[in-house]
Amino acid sequence: RLKPFRLAFIPRDEQDYWLQLAQPTNNNDIELSSYAQRIAEALEQHGALFHRDMQRLGLFDDHLEQGLSELINAGLLSADSFAAMHYLMQPAARRSKMRSPRGRWSSLRASPAHRSLSDDELAEFLAIQILQRTGVVCRSLYRHERWPIPWYNVLRALRLLELRGAARAGRFVHGLSGEQFAHPDILPLLKRANHLAGGTIAASDPLNYSGILDSGPRIASRLT
């Protein structure tokens, strides 16, 4: 089985935002094997390629699959079908018995359609995304996320969202310092939560902030 790699599923109309937030944005800043570099060059020269087309690059199957895995992990590769990703997730013994997967691979950063976004645009996009995901945003939560946009920029975007009625400022979570902002849709849920004794979420849930936003022990997202 190949080394684990990270996947992201994003709406196509948000692609420019996520690509600019991802770091690094220059292929030269990433250390890639010769296999991955050959695949990247082929995609930039010829555009999207099917898996069977890549098999004509002169690479052994193991080297081709390793190169694809590197490019995915580096955030440089996209597929228009999940079947292509699913193929790489299978053990080598199983892949050898499978047909070449459907779908084309393409370079995420080779398209001239990608536009450069300002820091203010990125900050507002990021503020909206975190509000929708966590319901409440504050400095300590944001710093844990390790985003490339400074908190001050996002804070300014949150204040502008408040003026437009797209966010609410206040003290929503006890024990957290600094300004807090909540998504308007979450306010009724927060009021009901005041009357609840507690709740349970999975340790792997993205909202598992135990030991991060409080002084309690950190609960690992997976067994080790």
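Me: Is Asp-119 buried, partly exposed or exposed?
Reply: Asp-119 counts as partly exposed, because its relative accessibility is 49%. Buried means under 20% relative accessible area, exposed means over 50%, and partly exposed is in between (1.4 Å probe, protein chains only). Before we go on, this is a predicted model, where local features need pLDDT of at least 70, side-chain atom pairs count only at pLDDT 80 or more, and totals for chains, interfaces and linings use all residues. Residues are numbered from 1 along each chain as its sequence is written, and side-chain values use heavy atoms, with hydrogens and water left out.

Me: Thanks! Which helix is Asp-119 in?
Reply: Asp-119 lies in helix α7. Helices here are DSSP runs of H or I with at least four residues, strands are runs of E with at least two, and both are numbered from the N terminus.

Me: At what angle do α7 and α9 pack?
Reply: Helix α7 (residues 119–134) and helix α9 (residues 151–163) pack at about 70°, and their axes are 8 Å apart. The axes are lines fitted to C-alpha atoms, for helices over the stretch in contact, and angles run from 0 to 180 degrees between N-to-C directions. α7 and α9 are therefore roughly perpendicular to each other, a label for angles of 65 to 115 degrees; under 35 is roughly parallel, over 145 roughly antiparallel and the rest oblique.

Me: Which residues meet there?
Reply: From α7 they include Asp-119, Ala-123, Leu-126 and Leu-131, and from α9 they include Val-154, Arg-156, Leu-158 and Leu-161. Contact means heavy atoms within 4.5 Å. By class, the contact of α7 with α9 has nine nonpolar, one polar and four charged residues. Ala, Val, Leu, Ile, Met, Phe, Trp, Tyr, Cys and Pro count as nonpolar, Asp, Glu, Lys and Arg as charged, and the others, Gly among them, as polar.

Me: And which residues of α9 are buried?
Reply: Trp-151, Asn-153, Val-154, Leu-155, Ala-157, Leu-158 and Leu-161 are buried in α9. The buried residues of α9 pack against α7, β4 (136–138), α8 (139–145) and β6 (180–182). Just after α9, Gly-165 has a positive phi of about 80°.

Me: You mentioned β6. Is Gln-180 buried or exposed?
Reply: Gln-180 is found in strand β6, and it counts as buried because its relative accessibility is 1%. The Gln-180 side chain reaches the backbone nitrogen of Phe-172 at 2.9 Å. Leaving out residues up to four places away in sequence, Gln-180 touches several others, including Val-136, Cys-138, Arg-168 and Phe-172.

Me: Switching topic: what do the buried residues of α4 pack against?
Reply: They pack against α2 (34–46), α3 (51–54), β2 (77–79), α5 (82–89), α6 (92–95) and β3 (104–107). Among the buried residues of α4 are Leu-64, Glu-65, Leu-68 and Ile-72. After α4 comes Gly-75, with a positive phi near 75°.

Me: How do α2 and α4 pack?
Reply: The angle is about 75°, with axes 8 Å apart, so α2 and α4 are roughly perpendicular to each other. Tyr-35, Ala-36, Ile-39 and Ala-40 of α2 make the contact with His-63, Leu-64, Gly-67, Leu-68, Glu-70 and Leu-71 of α4.

Me: Last one: how many helices and strands does the chain have?
Reply: The chain has ten helices and six strands, and buried residues make up 33% of its 224 residues.

Notes
A polar contact is a pair of N or O atoms within 3.5 Å; within protein, one must be able to donate a hydrogen and the other to accept it, and residues adjacent in sequence count only if both atoms are side-chain atoms.
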